Amino acid sequence: MAPSAMSDSTPMQLPVYSKHPNKINASVLHGPRDLRLEIRNIEDPGLGELQIAIKSTGICGSDVSYYKKFANGDLCACAPLSLGHESSGTVVAIGPQVSGFRIGDRVALEVGVPCGQCGICRKGRYNLCKRMRFRSSAKSVPHFQGTLQERINHPAIWCHKLPDHVSFEAAALLEPLSVAIHAVNRAAPAPGSTALVIGAGTVGLLTAAMARQSGCTSVTITDLDAGRVNYAVKKGFATHGFVAPRPSHTSSSSSSMFTNSGSSTPLEPGAMTPASLYSNSIHDQLEAAKSLAGDILSLTKLPLSLQNDDEDEGVDVTFECTGKETCMHTSLYATRPGGKVIMVGMGTPIQTLPMSAAHLREVDILGIFRYANTYGTGIRLLSAQGYGGAGFTLPSLDDMVTHKFKGLGAAKHAFELASKTVDDKGNLVLKVVIEA
């Protein structure tokens, strides 16, 4: 938790921030792909607030969904909306009753603001608060505007101070890292466990890294995109990688594997998927999922001389990071009896699942929604990078930023690129960031 709001004071501000200190530029979405640069008014920070000059914002899959459809899943925007929620910046003004911060402090923003009063908040699971307001989400009305603005006022308790050596780009990625930390906290794998991560987008990569950080000795990651799988293994996010085969047919079915869910490899409509090999019958889909699970598990199978006939096949924990139905099928079949499937990705809201594969083998299915109480852990992990020491070290988050765009005026180009897996030169697109 960031420093608390305590002492009375009038707002402290930098000397003249601009010619018009109460005017800011903002990137505002008015409809599908209708992104405009506008001038907005900004007030002095209120009680318990800081004013933050945004320095870096990463583009999330949910941002891309809003950009393309003016909606994300079942959530449809009903008013102009600034996107962006993976952000960091500097303190430029301090509101009344805030202590522990100074002008110029570098901070990462936790952009979900819960009520802090309800029973679920008091239990520490504030991510589930019914009155949660989350920047760049259309869930609350009026919408809580995102961070693709020059400056925002934000509650001080949700601003987390950064070490000097942590870059603004890495600090912005504390948001998806928090999702990964929360997922692994929910899974609670024992040291020496084995794990499978389905989907090698930003969240999938970071979840794989956190599984390794928690003591998993074998972490396999799978995706349709060979570039992302190879990156995951080369950079140490995972110990093994499996590239799901691309068949010769196409499918527009909602059951297609690894399609864009906000946390996996984004694909264009009609992209080729493993599910395309089979008819729409659920039986054929389940048989395909069983076969794929077997192929993935064969990567880490022990040598014949070390195999135990009584040992059940499967990983201890599967992290499903796409939200797609067929990937949930594969997750259940790839997990050993008594294991866990963690639903990380948000995708198909209504799914047909082989529940007997979980029920009769006591496979726990656990959902996660965003995160809670994770930023402190994430900052400590970033602080430890580069200092060596025993055990696994989190791979560089800076290295995950493959493309940077300067200024809010370049936001449209940034969103178009973020919806692809490779750029025009054939280079891997992983995390796209918009800088101040």
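This is a predicted model: local features need pLDDT of at least 70, side-chain atom pairs count only at pLDDT 80 or more; totals for chains, interfaces and linings use all residues.
Axes here are lines fitted to C-alpha atoms, for helices over the stretch in contact, and angles between them run from 0 to 180 degrees between N-to-C directions.

Two packed helices are described by the angle between their axes and the distance between the axes. For helix H4 (residues 174–187) and helix H10 (residues 375–384), the packing angle is about 110° and the axes lie 9 Å apart. H4 is therefore roughly perpendicular to H10, as angles of 65 to 115 degrees fall in that class. The crossing of H4 past H10 is right-handed. On the H4 side, the contact is made by Leu174, Glu175, Leu177, Ser178 and Ile181, which meet Tyr375, Thr377, Gly378, Ile379, Leu381 and Leu382 of H10. Sorted by class, this contact comprises seven nonpolar, three polar and one charged residues.

Attention now turns to strand S4 (residues 49–58). Eight of its ten residues are buried, so S4 is largely enclosed by the rest of the structure. Its pairing can be followed partner by partner. With strand S7 (residues 86–94), S4 pairs in the antiparallel sense over eight bridges, and Ile54 is found opposite Gly89 of S7. Strand S11 (residues 151–155) is also an antiparallel partner of S4, here over five bridges, with Glu49 standing opposite Pro155. Strand S20 (residues 431–435) runs antiparallel to S4 as well and is joined to it by three bridges; in this pairing, Ser56 stands opposite Glu435.

Conventions
Residues are numbered from 1 along each chain as its sequence is written. Side-chain values use heavy atoms; hydrogens and water are left out. Helices (H or I, at least four residues) and strands (E, at least two) are DSSP runs, numbered from the N terminus. Angles under 35 degrees count as roughly parallel, over 145 as roughly antiparallel, 65 to 115 as roughly perpendicular and the rest as oblique. A crossing is left-handed if the near helix is turned anticlockwise from the far one by less than a right angle, and right-handed if clockwise. Contact means heavy atoms within 4.5 Å. Ala, Val, Leu, Ile, Met, Phe, Trp, Tyr, Cys and Pro count as nonpolar, Asp, Glu, Lys and Arg as charged, and the others, Gly among them, as polar. Buried means under 20% relative accessible area, exposed over 50%, partly exposed in between (1.4 Å probe, protein chains only). Two strands pair if DSSP finds at least two bridges between them.
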